[in-house]
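Look over the sequence and the model below. Then follow the text from confidence to fold, helix and surface.

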Amino acid sequence: MKLNPFHSLLARPAGPALSLLAALLLAACANPALRQADELVRANQLPQAYETLEQARKLDPQDQALRAAQLRIANQMTTRLLAQIEAMRLAGRWDEAHEAVQRLREVDAKHPRLAWFEAELARGRLQEAKLVSARQALREGRLDRADALAREILAESPNHVGARLVMSQSAQARPLEAASSEMGPAFQKPVTLEFRDAPMRQVFEALARSSAINFVFDKDVRSDAKVSIFLRNVSLDEAMRVLLSTQGLDRKLLNDSSVLIFPNTAAKQREHQELITRTLYLTNADVKQVQAMVRTITKVRDIHIDERLNLMVVRDTPEVVRLVEKLIASVDLPEPEVMLEVEVMELSSDRVNDLGLKFADQVSYGLPGFNGGLASGLVELGQHNNFRTMVANPAVVATIRGNSGNGNILANPKIRVRNRDKAKVHIGQKVPVFTTTTNFTGSTSVAASVSYLDVGLKLDVEPTIQLDNDVIIKVGLEISNLIRQVQGPGGTTAYEIGTRQTGTTLRLNDGETQVLAGLISDEDRRSASGIPGLSEIPVLGSLFGVRTEDRKKTEVVLMITPRIVRNLALPDAGLTRLAGGTDASPGAFSSLLKPNAKAGVGPAQGGAVGLRALTPTPSAPPEASPNSMAAPQEAVLRFEVSPQVAPGGTVSVTLKNDSGFSIKGEVEYDASKLAPTQGAAGGNGRVPLELLPRGEKVVILRALPAANGQVLNVGVGALAATGPNGEPVLVRLDGTGLVTVDAAR
């Protein structure tokens, strides 16, 4: 076969110049869309770059470089869109978030988070509408409605900031004994009851005629039960609670104007009480521990947990379920976390000094041999003239050597660990150790196994984060090093290991650095070699021998600094104080009366009806009642503020005088973050006010840019009240002044 010389030339190995030429040819043949897309990516125009590659792929579907570049840009766009959607969702910008979801669908129609985002955006719009209704109910004093709407939001989103704020303001606006839901307006009509040994049904007939309330009695309610009750100026709801609790009865609201009365027994409770089922998803707490707490405190009827989903299903009365929800909200809190900045240094110094003259340690006399040494075997004494004296060459060696060095071994790990969890750090090596086992039964066999020893730095820490931002840290430090290898029987190998370790417990503030030092290893060795006797002379000994000094010193220093990442976010005090009902009925309505109620209940004496009267009691000023003259006079000023406003929005401060006295005072605020609207007096952080009896006033403040993203407090101070004759009267302020200004978008 005859080869073409040009073919032989091309078949030779390509040199560097030819490789460079091939790379340039490939770059020239690359699709220009890749270069254009790269320029667009550098200009932060990812959608335009993606569209450029998409158009190029339609012209050349087989170009894999275009496909790979498009996938990289699509991944960058997806990551950026996910971050934008999450930020818009948290900021409540629903329309913009929906548009971003549509762009994500165009980039990746099968992305797994698309369905989740769409559901969360739809849920977020509904939650925002519920939150607006809850705030309106809170301003109108309908605390139960506001609380119910906030609980619905928190059941879906446990960390919803607005709903938690409404829950907190609702809890602060009512006393503990009134935490249970009250009945509707028809049951708040004031009444006066005075009955002695009257039939119970006769009392309810009088209540029905005067209040237009329908009462339905269970067949097991005793009609001949006698009642002695004296109540003055109480609501119909409170009168019913007192009456039913003293007679062993309970009630069930059928509608806004109808009530079922039945015996308060376990059988009747199961027959008449309405039960609800609530599924509660726990975010942080352990569902098994929460189950034990709920069973102990609320005595819930039916409860089921799912450890896989960390959820709890409860079935009981609405009062018990409401109590369970509040208990879970008080314990389902994120665990604290701390970042531990650890720095371990091993400071070492090594100094070796060799100084002196080293003489030959052997002298030989005999007949020289052919190999340069002495002749071996027997020699004749007649050749003694040929005997020679020999010493090592050189006969004397001067040794002058000095070594010194410093070494620093630094380990600087940063460990993020949860509260009361253990964290470990091992920096070093694992040294193998072989172990052999010989079996001499029958035929001899040898089995070998290997184990490993940890040599290096081992650090164990266990932090406990306190509520005052102190961190208690249990520290265990061990530093080991390999000294030498030891041969064991049967060819086995072992190691001699030096170790230094310490353990302690520290309490440090957030950001405080503690230094642990003093783990020192100090070795000082001295040796001398040379002519016996002469080499030991104190000064001149170096002329007859060599003296060696070897000193090694190492010190381990540990520095540890805790930095709290997240501490326990305690709920408001109003959410941790819960009305638990009675032992027989956890979470039930309270039978306590309001402070202005007066009651007297006596046991039935079995006699005839001595007095029976029921009259509606109209609201009267304090001086109209003879009993109220003895009580100290007090003016009540109620004020409410907008709980949450947008950046640059207005804060409404509503003040109501619920008494028959005149009240003067000042609305106080931070002048650097709030300002009165145009025409309002008080640009120095105070707006004067004056309210006539039963009067009302609204002060409008505007949020300044410095208030964005902050929680502000609006207060009322310098209060003074006067009576009809100018006499001073005590003033009681009722309401909260917290307002949250949203962060600027």
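The mean pLDDT of the chain is 75, where pLDDT is the predictor's confidence in each residue, from 0 to 100. A value of 70 or more is reached by 75% of the residues. Confidence is lowest in helix H1 (residues 5–10), with a mean of 36. It is highest in strand S7 (residues 302–306), at 93. Over residues 176–181 the pLDDT is below 50. Residues 597–632 also stay under 50; the model has 63 contacts there beyond four places in sequence, a contact being heavy atoms within 4.5 Å. Where pLDDT is low, the predicted coordinates should not be read in detail.

This is a predicted model, in which local features need pLDDT of at least 70, side-chain atom pairs count only at pLDDT 80 or more, and totals for chains, interfaces and linings use all residues. Residues are numbered from 1 along each chain as its sequence is written, and side-chain values use heavy atoms, with hydrogens and water left out.

Now the whole chain. It has 16 helices and 32 strands. These are DSSP runs numbered from the N terminus: helices are H or I with at least four residues, strands are E with at least two. Of the 745 residues, 34% count as buried. Buried means under 20% relative accessible area, exposed over 50%, and partly exposed in between (1.4 Å probe, protein chains only). Among contacts with a separation of 6 or more, 69% join residues 24 or more positions apart. The accessible surface comes to about 43900 Å², by the Shrake-Rupley method with a 1.4 Å probe, where for residues only the protein chains shown count as cover. Carbon and sulfur atoms hold 53% of that surface.

Which residues of helix H3 (residues 32–42) are buried? They are Ala33, Ala37 and Leu40. Seen down the axis of H3, they fall within an arc of 60°, so they line one face of the helix. That arc is taken from the directions from the helix axis to the C-beta atoms. An α-helix has 3.6 residues a turn, so residues three or four places apart point the same way. The buried residues of H3 pack against helix H4 (46–59) and helix H5 (64–91). On the other side of H3, Pro32, Arg35 and Arg42 are exposed. Just after H3, Asn44 takes a positive phi of about 65°.

Last, the surface. Tyr452 lies in strand S15 (residues 445–465). Tyr452 counts as exposed because its relative accessibility is 51%.
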